[in-house]
Amino acid sequence: MAFNSSGGGSYRQQIAQQRLRIITGHLQRPEDDDSAISAVECKAPSSESDASSSEGKTVPRRRHEIMKWNGWGYSDTRFLFNKKGQAEFTGKRYRLSGLIIPGLKDWMEGTFGASVQHKSQATPILNSSSVQPPNLNEAFVEELKSTGVPYSHDAEDRVFRAHGHCLHEIFALREGKIGRVPDMVVWPNCHDDVVKIVELACKHNVCLIPYGGGTSVSSALECPPEETRSIVSLDTSQMNRILWIDEKNLTAHVEAGIVGQDLERLLNESGYCTGHEPDSMEFSSLGGWVATRASGMKKNIYGNIEDLVVHMKMVTPRGVIEKSCQGPRMSTGPDIHHFILGSEGTLGVVTEVTMKIRPMPEYQKYGSVVFPNFEQGVACLREIAKQRCAPASVRLMDNEQFKFGHALKPQVSSIFTSFVDGLKKFYITKFKGFDPNRLCVATLLFEGNRDRVLQHEKQVYDIAAKFGGLAAGEDNGQRGYMLTFVIAYLRDLGMDYYVIGESFETSVPWDRVLDMCRNVKARIVHECKERGVQFPPLSTCRVTQTYDAGACVYFYFAFNYRGLSDPVHVYEQVEHAAREEILASGGSLSHHHGVGKLRKAWMRETISNVGMGMLQSVKDYVDPANIFGNRNLL
Amino acid sequence: MAHRLQLSTIRFFAYTLTKVFKNLFRSICVNEEGIQRLQQAIQEHPVVLLPSHRSYMDFLLMSYILYTYDLALPVIAAGMDFMGMKVVGEMLRMSGAFFIRRSFGGDKLYWAVFSEYVKTILKNGFAPLEFFLEGTRSRTAKSLTPKLGLLNIVMDPFFKGEVFDVNLVPVSISYERILEESLYARELLGVPKPKESTSGLFKARKVLSEDYGSIHIYFGQPVSVRSLSQGKIDRCQFNLIPRHIPKKPTEEIQGFVNDSAYRLVRAQEENMVLKPWVLLASLLLQNHHQSQASGQRPGLTRDELTQQAAWLRDLSRQYGAFLHWPDHASPSEVVSSSLSLHRGLVKMSEGRIQLAVEQGGQVNPGEPRTAVTPEEELLNRAVVILSCASYRNQALHVFLRPALLASALHAASSNHKQEVFNSFSFLRNMFSNEFILCPGATVQDFEEACFLLMKTGELQVTEHEVLVTERGQRTLGFLTNMLDPFLQGYQVVCRFLCEEASEALTEKQFIPDVRKFIIKHLLAGRLRYSEVLSSDLQKNALAALLRLGAVQKMKGAQQGTLKVNKVMVNSLEDTLGGKLPTQKAAVARL
């Protein structure tokens, strides 16, 4: 990814190279117009066959063709224990794919008391008969047909759009239990299609639930069981074009259904990037980011989604909302963008977004620092934030997660590497006296101009040294980030062996970070014990983002549920208790996952009665008939 | 402030204390499962030890026990006055004590530094913290109403999320015979507490030659602040202000801390081991007063006493008392051995066991006896009575609720349940400075009392009526008698305020004046209980009247003077005496 060349090239040379890259990008673009940059208006709806086969795009209309219907990610990619009992990561898509991970089995057995002998198998295929027949609004369907927007009421399509990736949702799917699902799925192709659909929905009183990447972890996609109207899932995945790139202002106008990896790849072809990289970026969509106030791992350089958006369009039952210009900042009353950002699909569908783009970074460098303990690590991050010199990304893992990361080391090929690893371990634990049960590690990612990166790197390592941190090499850092996309697959492996778990996040002022981490982890352990969980749970955290006034903290929580009659209920109770503890310790309800229906109960105390009233009155004005009836947030 | 732990000092203490304890006491009993629980608790979360406070020995004993069981030595919050003691003060400091002022007044800096110090000890969690909820030694062996300041401070880190939890461990230390026995009695009668001094400690060494029986230390179940506050305290309230900024606790928090403090003191009470002597003291005291009133020969024969003691033993057991009655010995042996330990308080004359009141007590046998005025004789007698009463007081918490009910039945004009309850609630309210009665638990207490008396067949409680059974008379008589000195004491205080209080009565002057008034009445034979001379009772009565608004403290120019609402005090007195029905008193209170 890194462009290591042109270190000493003159400014003009750089400009020339930049132009060249962009032109190359244009020349290389695939034949199919749909999938590349174009400024054309929405064409007549393409026929079903060629839309689904569009090349270069990750998400087809029939998602279940390439993705798991009851787990995370691509169907061809998963963890499993092979015949020798070793953990293996299948497929070809990731750097870890096809590799053996020798440490994983021991880690799972040691941490959870899980055993390879005890499997909890998932239902392999969806049984269509367990899905309720669709409750169609005939008049709506009739009129929709005449607009030519593709739709489906296949059981598979509907089930796929009835869930996000909360534990209880996936657990139910694995058991073959299907609750209320949308009655129909529509695939608008462009902004105008969405306008038509919303108009029809209003006319026929149909409930619309916008669907982007389906990676929600807040029960936001669950169909409200009390909804009696026909529910239509509005899948934006086919609205996935970059409509134009403005190199003078460094903005790009993009359809909101595009998923993160496509957006980055297409922009990269022109020599640009957005720099917005949430952990779910392979599957989550631009519209989804806007609707949940997403945050990317490299926000220190590029900003969170609210900093990246310059302009957007949302289709609501009242009509289209957008600003009249692209001024970088305005003083025109409360920013209407902030009604859209975080609206979680309750007000309308985000269709097109103009967002900032940046030239691709010239140089990238990973790094890692080992700290004797978590407290020192947090102190170091705090200092980095204070000096405002945070690298593109910095993440601090606690000891349990450090061990977990260690367990995910793939088998090394040469004796030399393992020898070096052994030596490193010896140096840190024996020579430096770090306690292997207390030490923790921070992974770093630097980005930008090569000289500046090296300078920046030095500055950060100097600060780290003041807090007892030792540089632990690029490899460890890089592996940490590589695992970001792989970790989500691991939950499915756990679920094959009676282990359930999930992550949740919060943001918290600096002075409370340590107290909150300790309290929440202790509360999880305490609650598990109270509720009869037989084995001690995995309860770990990491600090994933730094801000001037605080940090974002991620918790991972998993346990072995053998011996429990209703594991999901126990899980939910523990998660609830953990969230209470977060709030009591000064943490927020959510940093970037959103509220959905999962955390709705705490909204009132979070934003006050008046705040609720304000949001409610916006909803009442924009969508009086509750067409966007997913019942999130309020 | 600040403690400086030094192992050498501790070893020195451990050595001397072993010697001293062996000399003084027959045995020190500790519940080992409590020690194990404590050990566990120390490993989990910061621990606060809350021992009962009956004697100077308490904190030495605590450290000694923890040292013996190889547990982390506690850091003890001790009163400033100990620091005045030369060498010893420093030595106490080196064995983990730190000294604090007894009151802070308005000194905000002192408070801030002090609370930060305590919180730091707690958060670091290297050593358990120890302080006395009652704030000072109880001179009467009744638990004192808890002081909330320190409890507030130790709960604060939990509320603010600085620790996951805090374990509060109530510890009950009961002495078969209290070292300060007669000292306390004299203090209550108006001889001021001697200043703590090293020479005083040396002078006190003569106590070494006496036998003080055994000590029981009971480490109670650790109480988690987290579970106590569950659903009661919203910790989010601390989210919006930096945690280091001191803030006055909200009413919600104050209420919670107060409730918790009462619960903890109740736990201390319930775990207090009672010796047979405590029951004997109760019986002998009642006998003394009855014989005085009826003019019979005082005292009980050994058989009578044994028989009554066995009866009371069974009763107290049914009420859930934590009684240490050696079952392997016959009751008469138990009685004799108890009596022999408290030779100073009882005497045998003509085969009857009675309180040793005639000789004016054996308090200072060394001092030459001069001509005795009636007043001095009265005081000397009162010393014995008060010492004896302090033993009875140890058992008071067992009988308190049924006794309140018994007195309420006695006072109520009918057997109507509502009326009995009103009367009960009035008495309970009146005495809530005197005894540990959890705030807002009137109904529970009433029901508990009914339940206990029904269980033992003394009472029949129907939907509307409360009836005393035939066999209940004896018990109820005993219970009413138990509370009677207090009732009379409060009445006499009220009478004083109505009859004698001048406009310029100050709070300072209250105790000496009321004492004079009582002595006058006692000498004239208008008052039966010399126990009423206890300044503790008088103070509590005043506090109750202040709380009820019958007396007001003046502010401004006449600072410290008391303004008496004579009509109200009068009606309270009449209600206490059973002359007025309780409803009227309730109106008067409003």
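At what angle do the axes of helix α12 and helix α17 of chain B cross?

**View 1. Crossing of helices α12 and α17 in chain B of the predicted model.** The axes of helix α12 (residues 302–318) and helix α17 (residues 472–499) come within 12 Å and cross at roughly 90°. Because angles of 65 to 115 degrees count as roughly perpendicular, α12(B) and α17(B) are classed as roughly perpendicular to each other. On the α12(B) side the contact is made by B:Gln307, B:Gln308, B:Trp311, B:Leu312 and B:Leu315, which meet B:Arg474, B:Thr475 and B:Phe478 of α17(B). Sorted by class, the residues of this contact comprise 4 nonpolar, 3 polar and 1 charged.

View 2. With a relative accessibility of 1%, B:Leu122 counts as buried, since the term applies to values under 20%.

**View 3. Aromatic pair of B:Phe158 and B:Phe159.** Across all chains, a search of the whole structure finds 38 aromatic pairs. One of them joins B:Phe158 and B:Phe159, whose ring centres are 5.9 Å apart and whose planes stand at 55° to each other, an arrangement classed as tilted. B:Phe158 is buried, with a relative accessible area of 1%, and B:Phe159 likewise counts as buried at 1% relative accessibility.

**View 4. Aromatic cluster in chain A.** Here A:Phe79, A:Phe89, A:Tyr94 and A:Tyr489 are linked into a cluster by ring pairs.

**View 5. Confidence along chain B and in the complex.** The average pLDDT of chain B is 85, and 91% of its residues score at least 70. Over residues 359–369 of chain B, however, the pLDDT is below 50, and this stretch has 11 contacts in the model beyond near neighbours in sequence. The pLDDT is also below 50 over residues 584–590 of chain B, a stretch for which the model has 8 contacts beyond near neighbours in sequence. Where pLDDT is low, the predicted coordinates should not be read in detail. For the complex, the predictor gives an ipTM of 0.84 and a pTM of 0.87.

How values were computed: Residues numbered from 1 in each chain as written. Chains lettered and ligands numbered in written order. Predicted model: local features only at pLDDT ≥ 70, side-chain atom pairs only at ≥ 80, totals over all residues. Heavy atoms only, no water. pLDDT = per-residue confidence, 0-100. Contact = heavy atoms within 4.5 Å. Axes fitted to C-alpha atoms, helices over the stretch in contact; angles between N-to-C directions. Helix = DSSP H or I, 4+ residues; strand = E, 2+ residues; numbered from the N terminus. Parallel < 35°, antiparallel > 145°, perpendicular 65-115°, else oblique. Nonpolar A, V, L, I, M, F, W, Y, C, P; charged D, E, K, R; others polar. Phe/Tyr/Trp six-rings, centres within 6.5 Å; stacked < 30°, edge-to-face > 60°. Buried < 20%, exposed > 50% of the residue type's maximum accessible area, 1.4 Å probe, protein only.
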